[in-house]
Amino acid sequence: MNEITLIVNGTPHRTRVSDSALLLDVLREQAGCTSVREGCGVGACGACTVLVGETSVSSCLALATRYDGANITTAEGLDENDDVVSAFADCGAAQCGYCIPGFVLMTRELLAEHPRPTSEQITEHLEGNICRCGTYPEIRTAVSTAAERRSPR
Ligand code: FES
Ligand code: FES
C-alpha cells in the first residue's frame with residue numbers, strides 16, 4: 001500500500017492506495033466525487049475525465065499513485081455560477097447528464113487553450129467524449145456560448 005495525498009477541488013485527501021488503484025476509483029470511493037463516471041473503462045468515452053492542473057486525464061486509465069500531490073478538478077469543484085456549467089445549463093446540453101461532467105471539464109481545458117475556439121477545434125477537442133443521448137448539437141452550442149461569454153468579441 002502507498003500513502004498519497006490528492007488535492008481534490010482544493011481540499012487535500014490523504015489516503016492509502018494499492019499500486020494498481022485507479023484514480024477513478026479513489027476519486028469516487030475515497031474522495032466522494034461521484035461525478036467522475038466509469039463509462040467504458042478503457043479510455044474511449046471521456047466519462048471519467050478529470051483535470052490535473054489544467055490538463056484533462058482519463059481517470060480510468062490513471063494509476064492513483066502517479067498523482068500524489070496533484071491538483072485535481074472534478075465537476076464537484078464547479079458550481080452553477082461557473083461560466084461553462086451555466087452555459088451547458090442554459091443551452092439544454094444534457095439529457096441523462098451521465099457524460100456531461102466530462103464534457104464540461106474538456107470544455108474548460110479547450111477554452112484555456114483556445115479562448116475563441118473554431119468549430120473544428122471544438123470538434124477535435126471533444127471527439128474522445130461520447131454522449132449516448134446524442135446531445136452533441138446542444139453541447140457544441142454550449143461550448144460556443146461559454147467562449148462568447150468569457151471572451152466577448
Ligand atoms: S471510463 Fe474512462 S474513458 Fe471511458
Ligand atoms: S446526456 Fe446522456 S450520455 Fe450524454
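This is a predicted model: local features need pLDDT of at least 70, side-chain atom pairs count only at pLDDT 80 or more; totals for chains, interfaces and linings use all residues.
View 1. The buried residues of α2 are Val84, Val85, Ala87 and Phe88. Seen down the axis of the helix, these residues fall within an arc of 165°, so they line one face of α2. An α-helix has 3.6 residues a turn, so residues three or four places apart point the same way. Among the elements that cover the buried residues of α2 are α3 and α5. Beyond the helix comes glycine 92, which has a positive phi, near 65°.

**View 2. Threonine 145 in helix α5.** Threonine 145 belongs to helix α5, and, leaving aside residues up to four places away in sequence, threonine 145 touches Ala87, Asp90 and Cys91. Cysteine 133 lies 12 residues from threonine 145 along the chain, and the C-alpha atoms of the two are separated by 21 Å.

View 3. Five strands form an open sheet with mixed pairing, in the order β2-β1-β5-β3-β4. Strands β2 (11-17) and β4 stand at the edges with a single partner strand each, so one side of each has no neighbour in the sheet. Averaged over the sheet and with direction ignored, neighbouring strands are turned by 40° against each other. Helix α3 (residues 100-113) packs on this sheet, where the helix touches β3, β4 and β5 (71-73), and its direction makes about 35° with that of β3.

**View 4. Two antiparallel strand pairs.** Strand β1 (residues 2-8) pairs with β2 in the antiparallel sense over 7 bridges, and in this pair isoleucine 4 stands opposite threonine 15 of β2. Strands β3 (residues 49-52) and β4 (residues 55-58) are also paired in the antiparallel sense, over 4 bridges, and leucine 51 has serine 56 of β4 as its bridge partner. The hairpin of β3 and β4 has 2 residues between the strands, and within this hairpin glycine 53 takes a positive phi near 65°.

**View 5. The largest nonpolar core.** This core holds 42 residues, of which Leu27, Phe88 and Val104 touch the most other members. Two or more residues are given to the core by each of β1, α1 (23-29), β3, α2 (83-90), α3, α4 (119-126) and α5 (136-150), and α3 gives the most, with 6 residues. Because domain 1 (2-77) and domain 2 (83-150) both give residues to the core, the core lies between them. In soluble globular proteins, nonpolar side chains tend to be buried together. Not counting residues up to four places away in sequence, valine 104 touches Ala75, Leu78, Val84, Val85 and Phe88.

**View 6. The contact between the two domains.** The chain is divided into domain 1 (2-77) and domain 2 (83-150), and their centres, taken over C-alpha atoms, are separated by 21 Å. In the contact, 17 residues of domain 1 meet 13 residues of domain 2. On the side of domain 1 that touches domain 2, β3 and β4 each supply at least two residues, and β3 gives the most to this side, with 3 residues.

How values were computed
Residues are numbered from 1 along each chain as its sequence is written. Chains are lettered from A and ligands numbered from 1 in the order in which they are written. Two strands pair if DSSP finds at least two bridges between them. Axes are lines fitted to C-alpha atoms, for helices over the stretch in contact, and angles run from 0 to 180 degrees between N-to-C directions. Two residues are in contact if their C-beta atoms, placed from the backbone, lie within 7 Å. A nonpolar core is a set of buried Ala, Val, Leu, Ile, Met, Phe, Trp, Tyr and Cys residues joined through C-beta atoms within 7 Å. A residue is buried if 20 or more other C-beta atoms lie within 10 Å of its own, exposed if 12 or fewer, and partly exposed in between; C-beta atoms are placed from the backbone. Domain bounds come from an automatic or database domain assignment. The arc is that of the directions from the helix axis to the C-beta atoms.
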